[in-house]
Amino acid sequence: MRTETTPGGAGNPAALLDTLCRHFPGGVTVMDADLRLVLWNQRFLDMMGLPASLFEQPITLPDLWRFNIQRGEFGQISNPDELVARFTERALRFEPHRFTRTRPDGRLIEICGEPVAGGGFVTTWMDVTETQRLHTQAARHNAQVTQLVNHLPQGISLFDETLALQLWNQAFIEMLDFPPEAVFQGARFEDLLAIMARRGEYGPGDVQTQVAERLALARRFEAHQFERARPDGHTLLVVGRPIVFENHVGGFITSYTDITAQKTTEQALRQTNAQLSDAMAARDAALDTAQGRLSIAYDQLAQAEKLASLGNLVAGVAHELNTPIGTARLAASTLEDRVQQFEGEMAQGTLRRSALNDFLRGTHDAAALVHANLARAAELIAAFKEVTIDQTSMRRREYLLHEVVAGVGATLAHLLRNGQHHWVVEVPQGIRMEGHPGALEQVLTNLVQNSLLHGFEGRSGGLIRISAHANREQVQIDYEDNGLGMAPEIRRRAFEPFFTTKMGQGGSGLGLHLSHQLVTGLLGGTLNLRSRVGQGVQFSLTLPLRAPDSNAAGPSPAP
């Protein structure tokens with residue numbers, strides 16, 4: 001270790017500092033305002049594989065970077081001076097930083113730097129290779145458990161002792177027809193009960209009373225099993241068991257099994273026409289309502305003079321809706337013909353069991369086709385309605401920026417893996433913000449999906465990088481990819497609602513528009529775009545660390 005020392009024994013500050021550095025479990029360095037190394041310990045040299053002779057003369061951080069570049073610490077570098085200059089510019093900001101570096105020998109080093117008064121850094125260097133291995137192993141185990149649960153045909157839910165949702169699968173959402181946004185880790189059992197009660201899952205009655213009764217039963221944490229006939233005609237077998245840890249109830253796990261197929265043929269015949277008629281009527285009513293809202297939205301957007309291309313949009317949406325609706329009508333018409341044929345055979349007394357089975361299979365297939373196509377139509381309508389998202393529905397709270405970015409990365413990890421794309425995050429820990437993390441998550445998610453759909457079209461191995469730096473009042477978040485980029489005429493219209501180069505191919509044209517609305521409205525910041533053909537895109541979000549109050553965040557989108 002190199003430092004200025006004076007005699008004096010254990011009570012001497014320099015001796016105490018020497019003892020601290022020698023016994024620190026990791027490497028430690030101190031740099032002054034001129035980026036000169038003024039203190040280091042032997043563990044730092046050993047961990048980074050640095051020769052002691054390198055430090056026999058005064059050395060600066062740029063000198064150390066050049067040494068590491070020459071020995072291949074950063075891989076193949078075409079322009080070392082440019083890299084050193086970039087590193088130096090970043091270091092001279094004297095901002096707290098935390099990142100990991102994988103050394104050529106495979107070890108993973110966590111580097112944490114804290115600025116000191118007057119300039120300079122105190123930096124710690126920790127070997128986290130084993131910690132990362134255990135983290136990766138745990139993440140792989142969790143992913144395997146998640147895949148196992150999602151592979152089950154039954155719906156699964158697990159609530160902890162506070163009745164907060166901790167584990168579920170897609171079948172649970174689909175069987176109980178929950179809105180996807182209502183199901184998340186930590187969702188309250190009583191909130192999910194309220195959703196079901198409001199839509200009549202428990203029959204007529206006061207919603208609050210129905211929720212309170214079922215909440216009281218759940219808090220007993222008793223085993224239970226019963227059948228529930230849902231409004232959509234399906235019958236679910238619900239089986240719940242308490243979870244016990246060390247003689248303490250830790251929650252309960254419930255399975256939901258669709259047993260509709262086990263019902264008698266007579267019940268199926270009696271209910272098929274009624275279910276189909278009710279479903280068609282409900283979907284027709286929903287479509288009528290949606291078409292009315294589309295008309296209202298058209299008028300509002302035209303008055304705002306922001307939708308010069310809305311005529312093309314409406315035509316595209318209508319075209320998209322015609323396909324699933326036309327298919328559903330054809331399936332319903334075919335089913336009606338089969339019902340008439342079936343009734344004729346019954347009246348003539350020539351009905352055979354094989355004909356009955358054929359009729360049931362055909363009825364089931366037709367109903368499934370109608371349901372699937374009407375569900376697709378509903379998705380298209382839901383996408384159109386997103387432009388009128390209610391900003392006030394986003395919960396306001398304090399949050400850490402790096403946690404929000406990490407959450408987006410975890411949510412979209414499967415999409416990035418499928419395309420073999422790379423996700424690089426350079427967001428310092430400790431940037432604390434107050435506002436609406438849900439809105440920021442939606443913005444970042446939209447940007448990633450834009451890269452996947454447009455920037456990386458027809459290619460794999462793309463790169464998405466998110467970095468950030470903050471001062472006392474605001475933070476700048478830089479998002480970039482190395483995709484196809486945008487031509488000038490596309491870049492100029494990128495934030496227009498419903499403008500997309502993928503109409504009818506998976507693109508709604510709402511992602512970037514909604515992102516711009518959320519950033520400039522609810523989040524109270526700015527969103528800028530830079531792009532050239534073949535050079536990817538760069539989005540810069542400048543946000544206040546404390547978002548404005550909802551009633552001062554600018555105009556809300558049209559309801």
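Helix 12 (residues 401-411) and helix 14 (residues 437-455) pack with their axes 10 Å apart and at an angle of about 45°. The model is predicted, with local features needing pLDDT of at least 70 and side-chain atom pairs pLDDT 80 or more, while totals for chains, interfaces and linings use all residues. Residues are numbered from 1 along each chain as its sequence is written, and side-chain values use heavy atoms, without hydrogens or water.

**Helix packing**
- Helix 12 passes helix 14 in a right-handed crossing (the near helix is turned clockwise from the far one by less than a right angle).
- Leu401, Val404, Val405 and Val408 of helix 12 are in contact (heavy atoms within 4.5 Å) with Pro437, Leu440, Glu441, Leu444 and Thr445 of helix 14.
- The residues of this contact comprise seven nonpolar, one polar and one charged.

**Second largest pocket**
- The volume of the second largest pocket is about 570 Å³.
- Its lining has 25 residues, of which Phe189, Arg214, His224, Phe226 and Arg228 are the closest to the centre (lining residues have an atom within 4 Å of a point on a 1 Å grid).
- At least two lining residues each come from strand 6 (155-160), helix 6 (170-176), helix 7 (189-198), helix 8 (207-218), strand 8 (224-229) and strand 10 (248-258).
- Helix 7 gives the most to this lining, with four residues.
- By class, the lining holds 17 nonpolar, three polar and five charged residues.

Note on methods: Axes fitted to C-alpha atoms, helices over the stretch in contact; angles between N-to-C directions. Nonpolar A, V, L, I, M, F, W, Y, C, P; charged D, E, K, R; others polar. 1 Å grid on protein atoms, 1.4 Å probe; cavity = no way out; pocket = protein on both sides within 12 Å on 5 of 7 lines; lining within 4 Å. Points joined across faces, edges and corners; volume = space filled by probe spheres on them.
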